[in-house]
Amino acid sequence: MSAHCQLTGRKPGFGHAISHSHRRTKRRFDPNIQRKRYWLAGEGRHVRLTLSAAGIKTVDRIGVEAAVARIRATGEKV
């Protein structure tokens, strides 16, 4: 599963892990990505979306139909 949100587009960030002695090693900041299954009433079927925590809150606020429309507008298949 790729670590990016289908709705918000949130992806991993990169940076350094800095130890107590201040040595720097590369690290990755992953977003909180979860797979959620929603009922799409307009099409009479379920859709499985890969969303960040902020994306899940956005779906709760605007609704599943509007969220799927936004995802399809970016050219991503649902």
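**Notes on the fold and its helices**

1. Let's begin with the inventory. The protein chain has two helices and four strands. Read from the N terminus, these elements follow the order β-β-β-β-α-α. Please keep in mind that this is a predicted model.

2. Next, the overall dimensions. The C-alpha trace of the protein chain spans about 55 × 20 × 20 Å along its principal axes. Its radius of gyration is 16 Å, whereas a compact globule of 78 residues would have one near 12 Å. Buried residues account for 27% of the 78 residues. The accessible surface amounts to about 5500 Å², and 49% of that belongs to carbon and sulfur atoms.

3. Taking contacts between residues at least 6 apart in sequence, 39% join residues at least 24 apart.

4. Now to helix α1, which covers residues 53-62. Which of its residues are buried? They are Gly55, Ile56, Thr58 and Val59. These residues sit on the same side of α1, because they cover an arc of only 160° around the axis. The face turned away from that buried side carries Lys57, Asp60 and Arg61, which are exposed.

5. What do the buried residues of α1 pack against? Their partners are β3 (33-40), β4 (45-52) and α2 (64-73). Just after α1 comes Gly63, with a positive phi of about 100°.

6. Val64, Ala67, Val68 and Ile71 are its buried residues. Viewed down the axis of α2, they fall within an arc of 95°, so they line one face of the helix. Just after α2, Gly75 has a positive phi of about 95°.

7. Why does Ile71 count as buried? Its relative accessibility is 1%, and the cut-off for buried is under 20%. Leaving aside residues up to four places away in sequence, Ile71 touches Gln6, Leu7, Leu49, Glu76 and Val78. Cys5 is 66 residues away from Ile71 in sequence, yet their C-alpha atoms are 10.0 Å apart in space.

8. My last point concerns Ser52, which is found in strand β4. Is Ser52 buried or exposed? Ser52 counts as buried, because its relative accessibility is 2%. With residues up to four places away in sequence left out, Ser52 touches Cys5, Thr8, Asn32 and Ile33.

Conventions. Residues numbered from 1 in each chain as written. Predicted model: local features only at pLDDT ≥ 70, side-chain atom pairs only at ≥ 80, totals over all residues. Heavy atoms only, no water. Buried < 20%, exposed > 50% of the residue type's maximum accessible area, 1.4 Å probe, protein only. Arc of directions from axis to C-beta. Contact = heavy atoms within 4.5 Å. Rg over C-alpha atoms; globule rule 2.2 N^0.38 Å. Areas by Shrake-Rupley, 256 points an atom, 1.4 Å probe, with all protein chains shown as cover.
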